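Hello,

Here is the two-chain model I promised to pass on to you. Please have a look at it first, and then read my notes below.

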Amino acid sequence: MNAISPAQAKGLQISTPTDTLIVLTRTFSAPRRLLWEAMFTPDKMRRWMLPPPSWTMTTCECDARVGGALDVAWKSADADPAMTLRGVFTEVVPHERAIHTEVMALGTGQLVGSLVERHEFSEAGNITTLRITQTYASKEARDGALASGMDEGMEACYKQLEAVLG
Amino acid sequence: MVVDASPRLDQVFHALAHPARRAIIRQLSDGERNLSELAAPLKMTFPAATKHVRVLEQAKLVRRRVAGREHFCRLNAGPLKEATSWTEELHRHWEARFRALDSLLEEMKSEEQSRGRRL
């Protein structure tokens, strides 16, 4: 078990600086080229893009170049695909900045969310700060994303409501 | 039966999205206040301040009681707790992924180091 350096643990911050943004900031004990590789290489992405319990990631493609595609899909016991995530990279500065569109949909095709995601990597002495800025089309869409909690959070809460309401 | 709770939550998030309304909520977390007390620290006209109170009432975050000519407001914590727990879910969702990313990065660093030693 590798020790995690004390300097690393700047935990996840989530903020909403404007009506249409969600900003995530987190630091990692690694040089930014490794974080970039982990973020945008399919076999590495499969290791950390954890699906909800009992879901499996089926497709994972990521071409981190301008015009390149992002294509992720998950299946569940009931549906294949259960959810898809598709996008296109619009701006790429290797190890520094990547911007891509992102459209999330259920297996039925029903749209879950549509956003632009910007990843920024800045490094100081082998500690990399990652900032993910999600821009939504409207305040309602952004608020919905905040409220939904995504994936298993949403599902767990609905199950609880179902149990209470009968 | 599945209930879609998100429109009500959207209202709560909308209510929380304005700094003046967050300031009102912070004041009310200390206890009941009348409208003048709530309006005083905000840099705006009294009607503008009471509009913000109404938005909070619509989101069921604030309850008002009238005593003579005074209006007293009280925080209704339920919707706020619920809204907080939804953002906590989002936080948990991302933090779980980032922790997995931490482990992966440690592995990648070790692999690099051992590759370096073999050269």
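Let me start with a residue pair in chain B: Arg33(B) has Cys73(B) as its bridge partner in β3(B). That pair belongs to the antiparallel pairing of β1(B) with strand β3 (residues 70-75) of chain B, which rests on two bridges. Please keep in mind that this is a predicted model. The predictor assigns the complex an ipTM of 0.81 and a pTM of 0.66. For chain B the mean pLDDT is 85, with 87% of its residues at 70 or more.

**Chain B**

Chain B contains five helices and three strands, and along the sequence they follow the pattern α-α-β-α-α-β-β-α. The three strands form an open sheet in the order β1-β3-β2 (chain B), with antiparallel pairing. Its edges are β1 (33-34) and β2 (62-67) of chain B; each has a single partner strand, so one side of each is left without a neighbour in the sheet.

Helix α2 (residues 19-28) of chain B lies across β1, β2 and β3 of that chain, and runs at about 85° to β3(B). Which residues of α2(B) are buried? They are Ala20(B), Arg21(B), Ile24(B) and Leu28(B). These residues cover an arc of only 100° around the axis, and therefore sit on the same side of α2(B). On the face turned away from that buried side, α2(B) carries the exposed residues Pro19(B) and Arg26(B).

As for the chain as a whole, 26% of the 119 residues in chain B are buried. Of the contacts in chain B with a separation of 6 or more, 52% are between residues 24 or more positions apart.

**Chain A**

Chain A has four helices and eight strands. From the N terminus on, its elements run β-β-α-α-β-β-β-β-β-β-α-α. Eight strands make an open sheet with antiparallel pairing, in the order β1-β2-β8-β7-β6-β5-β4-β3 (chain A). The edge strands here are β1 (13-15) and β3 (56-62) of chain A, each pairing on one side only. From one strand to the next, the twist averages 15°.

You can walk through part of this sheet strand by strand:

- β1(A) and β2(A) are antiparallel and share three bridges; in this pairing, Ile14(A) stands opposite Leu24(A) in β2(A).
- Strand β2 (residues 21-28) of chain A pairs with strand β8 (residues 127-136) of chain A, again in the antiparallel sense, over eight bridges. Here Arg26(A) has Leu130(A) in β8(A) as its bridge partner.
- Strand β7 (residues 111-124) of chain A is joined to β8(A) by 10 bridges, and the two run antiparallel. Ala124(A) stands opposite Ile127(A) in β8(A).

The hairpin of β7(A) and β8(A) has two residues between the strands, and Gly125(A) takes a positive phi near 55° there.

Helix α1 (residues 32-40) of chain A lies across β2, β3, β6 (97-106), β7 and β8 of chain A. The angle between α1(A) and β7(A) is about 160°.

Buried residues account for 25% of the 166 residues in chain A. Among the contacts in chain A with a separation of 6 or more, 38% come from residues 24 or more positions apart.

**The nonpolar cores**

What does the largest nonpolar core look like in terms of its residues? There are 25 of them, and those with the most contacts inside the core are Val12(B), Val53(B), Leu56(B), Leu61(B) and Val62(B). Both chains contribute: β2 and α3 (139-148) of chain A, along with α1 (6-16), α2, α3 (35-39), α4 (46-58) and β3 of chain B, each supply at least two residues. The largest share, five residues, comes from α1(B).

Leaving aside residues up to four places away in sequence, Val53(B) touches Ile24(B), Leu35(B), Leu38(B), Val62(B) and Cys73(B). Two of these names have come up already: Ile24(B) is one of the buried residues of α2(B), and Cys73(B) is the bridge partner of Arg33(B).

There is also a second, separate core of 17 residues, which includes Leu34(A), Leu35(A), Trp36(A) and Met39(A).

Best wishes

Key. Residues are numbered from 1 along each chain as its sequence is written. Chains are lettered from A and ligands numbered from 1 in the order in which they are written. This is a predicted model: local features need pLDDT of at least 70, side-chain atom pairs count only at pLDDT 80 or more; totals for chains, interfaces and linings use all residues. pLDDT is the predictor's confidence in each residue, from 0 to 100. Two strands pair if DSSP finds at least two bridges between them. A residue is buried if 20 or more other C-beta atoms lie within 10 Å of its own, exposed if 12 or fewer, and partly exposed in between; C-beta atoms are placed from the backbone. Two residues are in contact if their C-beta atoms, placed from the backbone, lie within 7 Å. Axes are lines fitted to C-alpha atoms, for helices over the stretch in contact, and angles run from 0 to 180 degrees between N-to-C directions. The arc is that of the directions from the helix axis to the C-beta atoms. A nonpolar core is a set of buried Ala, Val, Leu, Ile, Met, Phe, Trp, Tyr and Cys residues joined through C-beta atoms within 7 Å.
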